[in-house]
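I opened my notebook to record a few look-ups in one model. Here are the structure and my entries.

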Amino acid sequence: MNPTPPPARSPRSSAVLDDARVSDVRGALGSIRADDHGPRRGTGAKAKTLLAVVGPGLIVMVGDNDACAFATYGQAGQNHGTALLWTLLLLIPVLYVNQEMALRLGAVTGVGHARLILARFGRFWGAFSVVDLFVLNALTVVTEFIGIALALRYLGLPEVPGVLAAACLVVAAACTGSFRRFERFGIFLCVGSLLVVPLYVMAHPPAAQIAHGLLPSAPSAPSGGSGPGDVLLLIIAIVGTTVAPWQLFFQQSYVVDKRITPRLLRYEKADLWIGIAVAIVGAGAVMAFTAAAFAGTAGFGHFGDAAGIARGLEAHAGRAAGVLFAVALLDASVMGASTVSLSTAYALSDVLGVPHSLHRGVRGAKGFYACFALVVAVAAAVVLIPGSPLGLLTEGVQTLAGVLLPSATVFLLLLCNDRTVLGPWANGRLMNAFTALVVGVLVVLSSVLTVTVLLPHPSPAWLAGIAAAGGCSGLAALGYAEARRRRRGFTRAPLPVDRSHRQGWRTPPLAELPAPVVSTARKVGLTVLRSYLGLAVVLVIVRIVQLATG
């Protein structure tokens, strides 16, 4: 059992590491004074508070509907119609649980995700998590600039100046030294993401097909020329692009940077729900209007890239529809490049211990802004190199995201059960049970994805066997852990979390926290996870190199 959490502390004596992150909330749509602890009475006061808080949840969710997501949802619509819409509904509780834990960690601790992993799991896992994230995020930002290049090409605009201008815009928006200006830029792009709604109206997909895709009598087995193995891999890609590891690092650090504290968690959760709604509606719209555009055409079942979707929409609903899609893709790509690059800069600065806040100017956080600008510049340069294997990079991003996601969720779950870190804000039993189920499913999907790297065209029997083996292994591990716990005399469940007086509770300075007690089961589990991730990442990289070299 974790030690009893320390008493409540003021924000300035908490774990918050940067003074720039302890002051008034200055959001894109309003402000809240740091000493404003009074109750919000009346609809107007509550609405003003929500407007001031809105940002972290909305931006992280819309940012995930990026160029890679446009391609994945478009592929699902072009190759399988509306048969995979139901996957988006199943992802809603997964999105909320993951991101709610991340924002709760940020608001209570005042510390970024990478910094917490470093403090509670040691240098190895801190470095491991950031290196993995850095590689994955760098590749993801490349896909954002691929989306920018494809949109510019369709619009008939010069690619080289356009890509460079987009890179400069992304860097300039973050380097103003004003958190509020960056968030207003992000909110503007979030509004731009709603362009997919008029596109949906212009494509006019049949309502009956949409309803059947969202609520089938049983999860649909799509038709369209591909086997069950390819369909399963596409579902894994949808999961990987919708529930991405970078979101956890971004959400927690951005909540800290915005100076959100536990008193505002209720409003921040509402912000998260708004973001999830906008993201799911956007994803469903892309899948639906792409399905309508290619239904009954020679292009059905033959997805190429996002530019092909624009051409299909033009043929189906006119040139205006194609142009609107290209603009929406451009907006999504710029949004993705901004958020993913910021996630990388936050995480790397956390581990290196350098100042990192959008409230600071470039002179006050040189390392932070240098990392941000470097990621953007390298990604733009890769896209502009003639002959770059851009298609393979996109495929690699989807695969790596699916492989690495279970580890990110595991660390999130462990941190949210550390009562010395979260005290009265730690997870309850229901949250743990659901998240454990999510982790189990993600591990199975990740294992399937890893096997397909070795066997590019596995049979359905192979895939079913892998899933069954993964499920049985999980049940066996739970049974072993329970038996071991009972043999050691722990016949009673841990005491429930004491939620009293939690509104004023903040995590004390990290150096004052007692070292976590690491059980043998946890050590074995983390070692197995480390070995699996290392092997899976190597296999993915080898496969990409093989494909690139023929």
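**Two helices crossing**

I looked up how H4 and H13 cross, and the crossing is right-handed (left-handed would have the near helix turned anticlockwise from the far one by less than a right angle, right-handed clockwise). This is a predicted model, where local features need pLDDT of at least 70, side-chain atom pairs count only at pLDDT 80 or more, and totals for chains, interfaces and linings use all residues. Residues are numbered from 1 along each chain as its sequence is written, and side-chain values use heavy atoms, with hydrogens and water left out.

The axes of H4 (residues 86–109) and H13 come within 10 Å and cross at roughly 150°. I noted that axes are lines fitted to C-alpha atoms, for helices over the stretch in contact, with angles from 0 to 180 degrees between N-to-C directions. Helices are DSSP runs of H or I, at least four residues, numbered from the N terminus.

**Lys258**

Where is Lys258 found? I found Lys258 in the loop between H12 (245–257) and H13 (265–294). Is Lys258 buried or exposed? Lys258 has 0% relative accessibility, so it counts as buried (under 20% relative accessible area, with exposed over 50% and partly exposed in between; 1.4 Å probe, protein chains only). The side chain of Lys258 reaches the backbone oxygen of Val53 at 2.8 Å.

**Helix H3**

I checked H3 (residues 67–80) next, and it has 14 residues. Of these, 13 are buried, so H3 is largely enclosed by the rest of the structure. Gly81 follows H3, and its phi is positive, near 65°.

Terms used
Polar contact = N/O pair within 3.5 Å; in protein donor to acceptor, adjacent residues only side chain to side chain. Expected span 1.5 Å × (residues − 1).
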